Amino acid sequence: MTTQILNKGVSRRRFLSGLVTVSAASVVGTSLLAPRKAMAATDSKATFTGNVLSGSHWGAFRAKVVDGVWVDTVPFEKDLHPTPMINGVREVVYNPARVKYPMVRIDWLKHGYKSDTTQRGDNRFVRVPWSQALDFFYHELERVQNNYGPSALYAGHTGWQSVGKLHSAGTMMMRAIGLHGTYLGKMGDYSTGAAQVILPYVAGAMEVYEQQTSWPLVLENSDTIVIWGSDPIKNLQVGWLVPDHSPYAYYQELAEKVKNKEIKVIYVDPVRSETQKFVGGEQIAVNPQTDLPLMLAIAHTLYTENLYNKDFIADYTTGFKKFVPYLTGESDGVEKTPEWAEKICGIKADEIRALARQMASGRTQIIGGWCLQRMQHGEQYAWMLVVVAAMLGQIGLPGGGFGFGWHYNDAGSITSNGPLMSGFSGVTGVDPIHNGSYKGYSTYIPVARFVDCIENPGETIQWNGHDVTFPEMKMAIFCGNNPFHHHQDRNKMIKAWRKLETVVSVEHQWTATCRFADIVLPATTTHERHDIEQYGNHSNAGIIALPKVVEPMFEAKDDFDIFRELCRRFGREEAFTGGKTQMEWIEEIYNGARLQGRGLGVRMPNFKKFWDEEGFIEFPEGAEWVRHESFRKEPDLEPLGTASGLIEIYCKTIADMGYDDCQGHPMWFEKNERSHGGPQSNKFPLNMQSTHPNHRLHSQLCSSTELRASYSVADREPVYISAIDAKARGIQSGDVVRVFNDRGEVLAGAVVTEDFKSGVCRIHEGAWYSPLEGGKPGTICTYGDPNVLTQDVGSSKLAQATTAASAQVDIEKYTGKLPAITGFNGPVEVTDINPLFPAMDLE
Ligand SMILES: Nc1nc2c(c(=O)[nH]1)N[C@H]1C(S)=C(S)[C@@H](COP(=O)(O)OP(=O)(O)OC[C@H]3O[C@@H](n4cnc5c(=O)[nH]c(N)nc54)[C@H](O)[C@@H]3O)O[C@H]1N2
Ligand SMILES: Nc1nc2c(c(=O)[nH]1)N[C@H]1C(S)=C(S)[C@@H](COP(=O)(O)OP(=O)(O)OC[C@H]3O[C@@H](n4cnc5c(=O)[nH]c(N)nc54)[C@H](O)[C@@H]3O)O[C@H]1N2
Ligand SMILES: [Mo]
């Protein structure tokens, strides 16, 4: 998929070719392995030359610094499978989109909260002094709390920020704003919004973020592994904490076993994934959004051919009897046979039967991804996968059952015996100054419905058995996330945004969210401040120091200092800092782990030795582990967290909510738009995936110019299109194309590929929104943001999660004059206005 675009005359010197699987020691020069004495917290950096060990969402690395400038990046020698993205991290510090100074949108500077909000997005800003920007921020908090109360202030919406136990940008924001007043919060996230709501009812836990069975046990015990809509090789490149990439070694072993026919791996995916290319195996190229019919037909086969585990169903589940009439068609007149499913999902009935028999023929591990729950009725996929696993009866056995988190956070690695570090806390126990009334509005909203909330104040929706009444949002604060990348239906969003009086963005990259903000505050990157982080996610392989690599650029301040100074304005500075400096916080976090380590028999050096000399501590390896094993061994003593303590194939709690779009057992619901003969497919025949990027973390690194040049096509974000669909449209690799539907249009660079089934295309999420006419709804995006094309409706009344994956588009060759790409150059600075004497009435 990526190979055609990796040779564009860009200097390839820096880029590793694919995942580096050789021992990194052969890549790392000996000088890099020397102790890091020179990097003490107190050292002057301006002229520093040397190597700094640090970490990121993309892994740990040694930064090569010359005269205070970060010039090169070498993967950490303990990371045997570093991602090529590590080379883009340096460019987070140095790129044209860095937020350099506090900036205020010109019309907001003139008229404050009464500004002309239709100008938002035109990207004209005025540089102001820090003190003034923070005065504005504080003034707006006061005004909104006094005039409207907490429900008008939205400040709990967080995102992928950066690693570091201290500098958690979202936590800093919530701690500081929470000291000033209460505010409107959010529930759930974009990642697993549907699965995390339904799985606790069905399987007793969220399942998505939990550790999975240790890979060595899977490799030893599984006969078949079914990877259902998941791409671990692509997605394990990043981690919420610093990833150690240790699972890649197991995927290599798996590839060996596939080659030797010891394990069969089957991918249910409309696309030949990076994992399939890495591991090998067979693909069931299901039509997009039709996995439920396929799963139901598997269940039907298991049932009618008597291949299901009756003892497991009897002892560990509840409600099977209420589900069977749906399978047989007794309840709705439609028998869920493979022949029925074939017409919808595009997989031959015989192939479906063979798949069901294969799964029942031995030990089968089911690995489910999350994209399938990021679509309409996404809850059904998660539920039905558990039901199929329950019918196979191997839940809790090594190498059997289901798992929903294998592609995330080093899952399947062996968790160490080390202590876990705590972090900076979002709550202080100190009362806020303002604690006003929510006036009958909800105190929280489901996160993916936040634009609906702005658009429809007063409206009541259903969410997880509750009424949620949208308040009238007036002010929103974003810190460590990028809603103008992550939210769906950009043009709807731009229109709704105009209702907000004041938007604050704390950022180090001039994202589209900054363009659509009123006050922009420049933050430092991780690499311009000190911090500490866990090395390895589920593996918790150790602790790594994240010392400053370079001095802060321009006027950037640490989130800690930004919010500390904000809190000073209302007398809560001490409450915010807890009376500690940043280094004291880092030391305390370390010492907490050190103390815990003693109880575990893990000896750690004192903080000074760790920080000044070692910089990295490795924990002793822990024991292998099997997910759901305790439940299987002792269902009475270790019940699941469901109402019945059992797996709920029929769930009374959900049935009692009375929702039409999520009922008492898993079902197939038609989508409002779908490819392959589904609704809207005549008009917009291609399902557009906006899966997670192979070359980025969401929108992060998109502004890394050199890295972007390694994958962009004609300077645009790639759109992957099947050879058949490309031929029918006269499109070739390298062409600039227009991707469009009734919601909007984007330009993108075509990559024609045999990896995609006809009727499916893909633009990775996170491509920066780059409007031709900034702020104008409907304007074409010159770079290729897929969220111009996605729809913004909830998955169902149960979870109200994002449905980004339910999007239909068409593509044509673009023959017009090519517009320049607008997204990556920062703001248009207006200088003929005196920022110190704004016309704005601060009342
Ligand atoms: N169409 C479509 N849309 C999607 C998805 C999809 O699959 N398809 N996936 C969704 C999912 S699962 C997710 S998790 C979201 C991700 O959505 P986000 O979390 O909003 O995405 P990021 O691009 O990681 O945004 C993080 C922002 O924080 C900034 N940042 C980094 N470090 C710091 C810091 O130290 N301080 C401050 N103040 N800022 C910092 C970065 O520059 C970046 O702009 O996207 C969602 N959107
Ligand atoms: N490189 C990289 N890794 C990441 C991230 C990143 O931004 N970059 N983000 C991280 C985050 S925050 C999250 S939430 C996770 C996301 O993890 P997921 O949501 O699981 O990942 P995606 O990459 O969106 O999609 C996974 C697979 O679903 C398949 N798929 C799409 N539609 C269908 C369908 O209709 N049926 C079937 N059967 N399969 C389908 C896609 O082809 C793809 O192979 O990834 C994490 N890992
Ligand atoms: Mo996510």
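Q: In this predicted model, which residue in E30 does Arg-124 stand opposite?
A: Strand E5 covers residues 124-127 and pairs with E30 in the parallel sense, over two bridges. Arg-124 belongs to that pairing, and the residue opposite in E30 is Val-828.

Q: Which strands stand at the edges of the open sheet of seven strands?
A: The order is E6-E17-E18-E19-E4-E5-E30, and the pairing is mixed. An edge strand has a single partner strand, so one side of it is left without a neighbour in the sheet. The strands in that position are E6 (153-154) and E30 (828-829).

Q: What angle does the direction of helix H20 make with that of E18?
A: Helix H20, residues 559-568, packs on this sheet and touches E17 (475-479), E18 (502-507) and E19 (519-522). Contact here requires heavy atoms within 4.5 Å. Relative to E18, the direction of H20 makes an angle of about 140°.

Q: In the open sheet formed by five strands, what is the average twist from one strand to the next?
A: The strand order is E10-E9-E8-E12-E13, with parallel pairing. E10 (282-284) and E13 (401-403) are the edge strands, each pairing on one side only. From one strand to the next, the twist averages 20°.

Q: Which residue in E9 does Val-226 stand opposite?
A: E8 (residues 224-228) and E9 (residues 264-268) are joined by five bridges in the parallel sense. Helix H10, residues 291-304, lies across E8, E9 and E10 and runs at about 150° to E8. Opposite Val-226, the residue in E9 is Ile-266.

Q: How many residues apart are Phe-76 and Phe-616?
A: Their rings form an edge-to-face pair, with 5.0 Å between centres and 75° between planes. Both residues are buried. Phe-76 is in the loop between E3 and helix H1 (90-93), whereas Phe-616 is in strand E22 (residues 616-618); the separation is 540 residues.

Q: Why is the pair of Phe-450 and Trp-497 edge-to-face?
A: Planes over 60 degrees apart count as edge-to-face. The ring centres of Phe-450 and Trp-497 are 6.2 Å apart, and the angle between their planes, which therefore makes the pair edge-to-face, is 85°.

Q: Over the face of which residue does Arg-708 lie?
A: A charge counts as sitting over a ring if CZ of Arg is within 6 Å of the ring centre and within 35 degrees of the ring normal. Arg-175 has its charged end over the ring of Phe-576, 5.8 Å from the centre. For Arg-708 the distance to the ring centre is 3.6 Å, and the residue concerned is Phe-824.

Definitions and conventions
Residues numbered from 1 in each chain as written. Chains lettered and ligands numbered in written order. Predicted model: local features only at pLDDT ≥ 70, side-chain atom pairs only at ≥ 80, totals over all residues. Heavy atoms only, no water. Pairing = 2+ DSSP bridges. Helix = DSSP H or I, 4+ residues; strand = E, 2+ residues; numbered from the N terminus. Axes fitted to C-alpha atoms, helices over the stretch in contact; angles between N-to-C directions. Phe/Tyr/Trp six-rings, centres within 6.5 Å; stacked < 30°, edge-to-face > 60°. Buried < 20%, exposed > 50% of the residue type's maximum accessible area, 1.4 Å probe, protein only.
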